[in-house]
Amino acid sequence: MHRLSLLLVALALAACGDDAAEPALEPPPAPTSPTSSRQTALDVAETSPRLSTFASLVDVAGLRETLADTAQVFTVFAPANAAFADVDLDALRADPEALRARLLAHVLANRTFSGDVFGEITIETVAGSDLTLNATDAGVALRDTRGTAATITEADLDGDNGVVHIIDTLLSGPTGS
């Protein structure tokens with residue numbers, strides 16, 4: 001018992017030692033988020049291997065600056081590469097203005113996550129055409145004004161200026177091109 005008391009006294013005295021000899025602990029610096037980690041909706045599309053065709057058509061249509069603009073927010077329903085399997089890509093590329101209108105028919109001027117869709121809603125696209133979103137048991141389905149239907153196969157890919165949803169079909173667009 002006597003040894004235990006001596007040990008406790010020794011520990012107590014050691015704990016009361018000279019604090020000046022110990023270096024002061026400073027809190028770690030606050031984490032910073034590097035600018036390079038920021039991604040726009042366009043960056044999200046360009047980094048997805050499933051959207052390489054869509055991303056290349058964005059450039060042809062002259063939409064790079066629009067979709068990279070962080071002063072705006074977007075919802076992009078980007079068709080997966082497989083959605084272009086039966087499409088004449090050369091014909092799409094031959095008319096950049098028609099392609100621009102068709103791609104903008106896949107874009108909303110807001111940030112809409114899949115969980116934001118309840119029931120059936122119709123929203124105007126950036127191209128000025130209507131797009132109907134319908135929440136189903138399987139996810140969210142889309143239908144454009146020409147009756148073309150698509151399903152979201154991968155939802156809520158979030159970027160700084162919007163959200164990207166991968167869909168299984170290329171929508172018709174306002175001109176039916």
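I began at the hairpin of strand 3 and strand 4, where five residues lie between the strands and Gly-128 takes a positive phi near 95 degrees. Helices (H or I, at least four residues) and strands (E, at least two) are DSSP runs, numbered from the N terminus. I noted that this is a predicted model, in which local features need pLDDT of at least 70, side-chain atom pairs count only at pLDDT 80 or more, and totals for chains, interfaces and linings use all residues. Residues are numbered from 1 along each chain as its sequence is written, and side-chain values use heavy atoms, with hydrogens and water left out.

**The hairpin and its loop**

I looked up the pairing of strand 3 (120-124) and strand 4 (130-136), and found it antiparallel over five bridges; two strands count as paired if DSSP finds at least two bridges between them. Within this pair, Ile-123 stands opposite Leu-131 of strand 4.

I then turned to Ala-127, which sits in the loop between these strands. Ala-127 counts as partly exposed because its relative accessibility is 28%, where buried means under 20% relative accessible area, exposed over 50%, and partly exposed in between (1.4 Å probe, protein chains only). Setting aside residues up to four places away in sequence, I listed Ala-101, Leu-104, Ala-105 and Pro-174 as the residues that Ala-127 touches, contact being heavy atoms within 4.5 Å. I also recorded that Ala-127 and Ala-109 are 18 residues apart in sequence and 9.9 Å apart in space, C-alpha to C-alpha.

I traced an open sheet of seven strands in the order 2-1-7-6-5-4-3, with mixed pairing. Its edge strands are strand 2 (107-108) and strand 3, each of which pairs on one side only. Further in, I checked strand 5 (residues 139-144) against strand 6 (residues 149-159), and these pair in the antiparallel sense over three bridges, with Ala-141 opposite Thr-151 of strand 6.

**The cores**

I took a nonpolar core to be a set of buried Ala, Val, Leu, Ile, Met, Phe, Trp, Tyr and Cys residues joined through side-chain atoms within 4.5 Å. The largest has 25 residues, of which Phe-54, Val-58, Leu-67, Val-76, Leu-103 and Val-164 touch the most other members. Two or more residues each come from helix 2 (41-47), helix 3 (52-60), strand 1 (74-79), helix 6 (96-104) and strand 7 (162-167), and helix 2 gives the largest share, four residues. Leaving aside its neighbours within four places in sequence, I found Val-58 in contact with Leu-42, Leu-63, Arg-64, Leu-67 and Leu-103. A second, separate core of 12 residues includes Phe-77, Ile-123, Ile-152 and Ile-167.
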